[in-house]
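Please look over the sequence and the model shown below, and then work through the questions and answers that follow.

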Amino acid sequence: MSWDYPNPFIQPAVPRPEDIDGLNHTNNAVYVQWCERIGWAHSESLGLSLGDYQRLDRAMAIRRGEYDYLLPTALHDELTLATWLTASDGKLTMERRFQLIRNRDRATVLRGRWELVCIALGTGQARRMPPAFCQAYLPALIDRGDNPLGAPASVDLNQPGDRGYRCGDFS
């Protein structure tokens, strides 16, 4: 597959009869649901589940979602959905990207992007990412090439540096 970024976290997807709209294509809302599912699966693979969010009273909430619907998909098309964490300020915000490819012709049918902000679940107000979030998410950031805040896996998350990360300072 021709992915936009290296090392994607991937899941298969196949439109079911209930996913098809009146235009005989996969309904756009279904793609949004698939992005939510893969986002959670990726988070869980990195060691953070909904239970962890609740225990820590923190969550990465979607502040903005953008989806580019490039080509239609149809009933039973075999698809592969990918996601990446592509940016973070190491304090409050992260960016997650998505790409959906139709397997039979390897065409990209959707690209998406979420701007995420860390919030306290109890109040809904923005709060710094707790150390557990930094330790799970920041090493998973991919280097987009144009991303000055993309942290390579070797970044020391407990030392301040030119990327601005310091996971120990959370009040």
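Q: Which residue in the turn of the hairpin formed by β3 and β4 has a positive phi of about 75°?
A: This is a predicted model, in which local features need pLDDT of at least 70, side-chain atom pairs count only at pLDDT 80 or more, and totals for chains, interfaces and linings use all residues. Residues are numbered from 1 along each chain as its sequence is written, and side-chain values use heavy atoms, with hydrogens and water left out. Strands (E, at least two residues) and helices (H or I, at least four) are DSSP runs numbered from the N terminus, and β3 and β4 form a hairpin with four residues between them. The residue in that turn with a positive phi of about 75° is Gly-90.

Q: Over how many bridges do β3 and β4 pair?
A: Two strands count as paired if DSSP finds at least two bridges between them. Strand β3 covers residues 79–88 and pairs with β4 in the antiparallel sense, and one of the bridges joins Ser-88 to Met-94. The number of bridges between β3 and β4 is nine.

Q: Which residue in β5 stands opposite Thr-93?
A: Strand β5 (residues 107–120) pairs with β4 in the antiparallel sense, over 10 bridges. In the hairpin of these strands, with four residues between them, Arg-106 takes a positive phi near 60°. The residue of β5 opposite Thr-93 is Val-117.

Q: How many of the 10 residues of β4 are buried?
A: A residue is called buried under 20% relative accessible area, exposed over 50% and partly exposed in between, with a 1.4 Å probe and protein chains only. Strand β4 spans residues 93–102 and is largely enclosed by the rest of the structure, because the number of its residues that are buried is eight.

Q: What distance separates the end C-alpha atoms of helix α1?
A: The expected span of a helix is 1.5 Å times one less than its number of residues. Helix α1 has 18 residues, 28–45, and should therefore span 26 Å. The distance between its end C-alpha atoms agrees with this, at 26 Å.

Q: Is Asn-24 buried or exposed?
A: Asn-24 lies in the loop between β1 (9–13) and α1, and its phi is near 70°, a positive value in a residue other than glycine. Because its relative accessibility is 59%, Asn-24 counts as exposed.

Q: What is the relative accessible area of Asp-57?
A: Asp-57 is found in the loop between α2 (50–56) and β2 (58–69), and it has a positive phi of about 55° although it is not a glycine. Asp-57 is partly exposed, with a relative accessible area of 31%.
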